[in-house]
Amino acid sequence: MQMIDDLISRLQANVASGLPDQSEQPMKVPASAYADPDQYRKEIDRVFLQSPIMVALACEVREPGDYVAFDLVGRPLLIVRGQDGVIRTFLNVCRHRGAKVTAATCGTARRFTCPYHSWSYDTEGTLVGLPGRETFGDIDTTGLIGLPTVVRAGAVFSVLDTEADIDIDAWLQGIDTSLADLRLEEFYPYRVPTVIDSPNWKLAADGYLDGYHIGYLHRNTIGTRSITNRNTYDFFGPHVRIGFASKRTADFKPSQGDIDYPQYLSLVHYVFPNVSISGGHGDTLMMSRLLPGRTPETSTTIQFQFYRQPVVDDMVEIAEEKRQTYEAVVRDEDCATIFQIGDALAGMGDRHFVFGRNEPANQLLHRTIAEMTADG
Ligand code: FES
Ligand SMILES: [Fe+2]
């Protein structure tokens, strides 16, 4: 893969020079940016409700009737591939009186039947069943509420504002070309999620964008094979691709044969505002989704593993072992640390934190959010 070959040669240069890709200057971020309820409300309204959000990988809804469902900033979402093959995102809200039409987080269905009074909808969202219709009277409801949705590079993007236009090229700014190299549509999900409580969503996002901590916080786990703080960073508008060097990076030689790329680099695509895709340049990837909570102090991290072959038979045990390994790392190392930061915020007053020149992706995150939430 030419993109991967190029990234590895840049990592080799960074390892040789002892420097990661850097921004021009360190950057200060007020501690209050993480905790202020007004700021948080603006992030929900202006970032999460207005932006195209990556809500699924298309391979999660590979066959007609396949669906995934989750709540994002208070909006219950149902992403389903219709019998016509089209992937749509709906509000998981019954048009009768608002109950969820499915309580499951994933599955395959021909109908979604609301548990409250059994109104039912087909996979294209059309209302197809209304028990006691002759008793109900005339209505003008025809189906579930659809959200503007586009599939690009094997990923599904939706805007939570039902009235919004979706200009996906203006939003992705080319990260879809990089994602396309991963052939995301070929993967198969291991449908057991890891669900971990996390503090403010930006504290969690900072962890995914940070190539500086791997060899320290994770020195005894996922950091043992890496060379820390020599990362490549590529920016696509608000989105980022990060390359991580390993102890074998220097050994890499481009060749024609099958290469086990993940030995030579780790790769993260961070799709703003809240999805990290780790890997995908080999046979596995991990998708992490950050879900802001009901208050600035809370969020949830949900992770799914994907494999290039169906997760059946022997693969199940392998996938589960890997899932548990990453769960322990994220919960006991990343989240345990960022909860400390969350607890520290109140005592920081109007002081600031600082992101170094070697943390350019974090700088971009905070700059982007500041711009999107600025008044006037
Ligand atoms: S709320 Fe769904 S059928 Fe009544
Ligand atoms: Fe980490």
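A disulfide is a pair of cysteine sulfur atoms within 2.5 Å. I started there, and I kept in mind that this model is predicted.

**Entry: cysteines**

I looked for disulfides and found zero in the structure. I wanted to know why, so I checked Cys59 and the cysteine sulfur closest to its own. That sulfur belongs to Cys106 and lies 12 Å away, which is too far for a bond.

Cys59 is buried, at 3% relative accessibility. Cys106 is partly exposed, at 22%.

**Entry: the iron ion**

Which residues coordinate the iron ion (ligand 2)? I found His213 and His218, each through NE2, and Asp334 through OD. The distances run from 2.1 to 2.2 Å. I wrote down the spacing of these donors along the chain as H-x4-H-x115-D.

**Entry: helix H1**

Next I followed helix H1, residues 2-17. I noted 16 residues and a reach of 23 Å from the first C-alpha to the last. That is close to the 22 Å expected at 1.5 Å a residue.

I listed the buried residues of H1: Met3, Ile4, Asp5, Leu7, Ile8, Leu11 and Asn14. I recalled that an α-helix has 3.6 residues a turn, so residues three or four places apart point the same way.

What do the buried residues of H1 pack against? I found one helix, H6 (175-180), and the strands S14 (226-236), S15 (239-246) and S16 (265-271). Just after H1 I came to Gly18, which takes a positive phi of about 80°.

**Entry: H7 against H10**

Last, I looked at a helix pair. Two packed helices are described by the angle between their axes and the distance between the axes. For H7 (residues 201-208) and H10 (residues 360-373), I noted an angle of about 145° and axes 9 Å apart. On the H7 side, Trp201, Lys202, Ala205 and Asp206 make the contact. On the H10 side, the contact residues are Asn362, Leu365, His366 and Ile369. I sorted the residues of this contact by type and got four nonpolar, two polar and two charged.

Conventions:
Residues numbered from 1 in each chain as written. Chains lettered and ligands numbered in written order. Predicted model: local features only at pLDDT ≥ 70, side-chain atom pairs only at ≥ 80, totals over all residues. Heavy atoms only, no water. Donors = N, O, S within 2.8 Å, 3.2 Å for Na, K, Ca; no water. Axes fitted to C-alpha atoms, helices over the stretch in contact; angles between N-to-C directions. Helix = DSSP H or I, 4+ residues; strand = E, 2+ residues; numbered from the N terminus. Contact = heavy atoms within 4.5 Å. Nonpolar A, V, L, I, M, F, W, Y, C, P; charged D, E, K, R; others polar. Buried < 20%, exposed > 50% of the residue type's maximum accessible area, 1.4 Å probe, protein only. Expected span 1.5 Å × (residues − 1).
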